[in-house]
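Please keep the sequence and the model in view while reading.

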Amino acid sequence: VLTSGCMLKPDHFPGCQAKGLVPQLQGATNLRVVPNTAMVYGVAIPTLTGIRAVLDWLAARAGPGGVERVLWVSLREEPVVYICGLPYVLRNMDRPFQNLEYTGIEHERVHQMEARLKADVLAEAAAHHSSVVLHDEDDTGHLFAKCVRLQPADVLTC
């Protein structure tokens, strides 16, 4: 999955938070209540701390007794891997700001791709003294590569 023509880029980037959405929780970009529903919410792919923030927010909204159960569904049609708590997605090196197209892909295939992506990241780290190259974006939209040291426990999938 992680080939020479691809890069790993954070799914969070400057400007990805839609203005006016409330609440704004750290790491839970674009959290919103789905209109005309009682208990349906949406959120972009959150960080690991963002997941905890959403669960805590839901518990606080529920009041005494809290929330018994949360059904969390991802509608992403591309693999996502968490590295050091942040969600990363694959991008083509020549089109770093465009999603890879997997429209209509079955969820089982996405899970297989995520497992393979995790294995590829760990293999890359093992081959390079526990380091991988990730790409990030600054406030001006400029991409830059960075080398990150990681442990196997730093790489997760859903």
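Helices, of at least four residues, and strands, of at least two, are DSSP runs that carry the letters H or I and E and are numbered from the N terminus. In these terms, Pro-23 belongs to the loop between E1 and E2. The model described here is a predicted one.

The account may begin with the open sheet. Four strands make up this sheet in the order E1-E5-E4-E8, and their pairing is antiparallel. Strand E1 and strand E8 (155-156) stand at the edges with a single partner strand each, so one side of each has no neighbour in the sheet. In general, the strands of a sheet are held in pairs through backbone hydrogen bonds, in either a parallel or an antiparallel sense.

The pairings can be followed across the sheet. Strand E1 (residues 6-10) is joined to E5 by five bridges in the antiparallel sense, and Met-7 is found opposite Arg-91 of E5. Strand E4 (residues 80-83) also runs antiparallel to E5, with four bridges between them; here Ile-83 stands opposite Leu-86 in E5. On to E8, the antiparallel pairing with E4 rests on two bridges, and Tyr-82 has Leu-156 in E8 as its bridge partner. Strand E5 (residues 86-92) is mostly covered, since six of its seven residues are buried.

E4 and E5 also form a hairpin, with two residues between them. Cys-84 lies in the turn of this hairpin, and its phi is near 55°, a positive value in a residue other than glycine. Most residues other than glycine have a negative phi, and most peptide bonds are trans. At a relative accessibility of 44%, Cys-84 counts as partly exposed.

For Cys-84, the nearest cysteine sulfur is that of Cys-147, 11 Å away, and Cys-84 is in no disulfide. Cys-6 itself is buried, with a relative accessible area of 16%.

A second hairpin is formed by E6 and E7, with five residues between the two strands. Seven bridges join E6 to strand E7 (residues 143-149), and the two run antiparallel. Lys-146 in E7 is the bridge partner of Leu-134. In the turn, Gly-141 has a positive phi of about 85°. Strand E6 is mostly covered, as six of its seven residues are buried.

Asp-136 is part of strand E6 (residues 131-137). Is this residue buried or exposed? With a relative accessible area of 18%, Asp-136 is buried, because the limit for that term is under 20%. Its side chain makes a polar contact, at 3.1 Å, with the side chain of Lys-146. When neighbours within four places in sequence are left aside, the residues in contact with Asp-136 are Pro-10, His-142, Leu-143, Phe-144 and Lys-146.

The next element to consider is helix H1 (residues 48-62). At 1.5 Å a residue, its 15 residues should span 21 Å, and the end C-alpha atoms are 22 Å apart, which agrees. Its buried residues are Gly-50, Val-54, Trp-57 and Leu-58. Seen down the axis of H1, these buried residues fall within an arc of 100°, so they line one face of the helix. Strand E2 (32-33) and strand E3 (41-42) are included in what covers them. The face turned away from the buried side carries the exposed residues Thr-49 and Ala-60. After H1 comes Gly-63, with a positive phi near 75°.

The loop between E1 and E2 remains to be described. The peptide bond from Val-22 to Pro-23 is cis, with omega near 5°. Asn-30 lies in the loop between E1 and E2, and its phi is near 60°, a positive value in a residue other than glycine. At 16% relative accessibility, Asn-30 counts as buried.

Conventions: Residues numbered from 1 in each chain as written. Predicted model: local features only at pLDDT ≥ 70, side-chain atom pairs only at ≥ 80, totals over all residues. Heavy atoms only, no water. Buried < 20%, exposed > 50% of the residue type's maximum accessible area, 1.4 Å probe, protein only. Polar contact = N/O pair within 3.5 Å; in protein donor to acceptor, adjacent residues only side chain to side chain. Contact = heavy atoms within 4.5 Å. Expected span 1.5 Å × (residues − 1). Arc of directions from axis to C-beta. Disulfide = S-S within 2.5 Å. Pairing = 2+ DSSP bridges.
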